[in-house]
Amino acid sequence: MASPAANRQSITTPNSAQWTTGLFDCFDDSSNCFMTWCCPFITFGRNVEIIDRGKTSPADAARTYYILGSFGFAFCYSYPYRKKLREQFSLKEQPCGDCLVHCCCIQCALCQEHRELINRGLDPTIGWAANVARMIQNEKVAPAVEAGMNRVAP
């Protein structure tokens with residue numbers, strides 16, 4: 001069960017309505033690009049765990065993706081998660097509809113979604129629980145005090 005902190009949206013960059021990388025910027029993260037090209041179901045499972053905030057097991061998502069992909073229908077399962085990711089970060093539907101992006105460029109879409117999560121401060125490779133622990137740990141760090149904000153003693 002997810003902790004209360006896990007249900008909060010933690011974003012390290014502002015919601016800009018723009019993706020932080022383009023759909024075809026796959027080689028910006030060459031290791032993820034290679035992984036996604038060879039085993040897209042692994043990248044998908046990792047992304048889904050983060051997008052669903054730990055409610056969906058990466059193994060279950062990967063298994064379903066793999067089975068549907070065997071029949072050419074993985075995009076039917078994967079594109080709603082792109083939509084959910086866009087809604088979480090107020091991103092535009094670019095360069096075209098989510099279903100069409102996943103139907104025509106599924107590996108590129110999965111790589112872009114992975115990079116988006118990374119650029120927003122969430123690491124799909126470590127899982128939801130570790131991301132929550134990281135968020136909680138980061139909240140315990142004392143905030144920086146700007147110069148000139150000193151309290152004057154009475």
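Helices here are DSSP runs of H or I with at least four residues, and strands are E runs of at least two, numbered from the N terminus. My numbering starts from 1 along each chain as its sequence is written, and side-chain values use heavy atoms, without hydrogens and water. The model is predicted, so local features need pLDDT of at least 70 and side-chain atom pairs pLDDT 80 or more, while totals for chains, interfaces and linings use all residues.

**Rings.** I looked up aromatic pairs (Phe, Tyr or Trp rings, the six-membered one for Trp, with centres within 6.5 Å; planes under 30 degrees apart are stacked, over 60 edge-to-face, the rest tilted). The structure holds five. Next I checked burial (buried is under 20% relative accessible area, exposed over 50%, partly exposed in between; 1.4 Å probe, protein chains only). Tyr77 is buried at 19%, and Tyr81 is buried at 14%. Ring pairs also link both into a cluster with Phe44 and Tyr65.

**Helix H3.** How much of H3 is buried? I found nine of its twelve residues buried, so the rest of the structure largely encloses it. Among them are Phe44, Val48 and Ile51. Cover for the buried residues includes H2, H4, H5, H7 and H8. Just after H3, Arg53 takes a positive phi of about 55°.

**Loop.** Phe71 lies between H4 and H5, and I noted it as exposed at 62%.

Key. Contact = heavy atoms within 4.5 Å.
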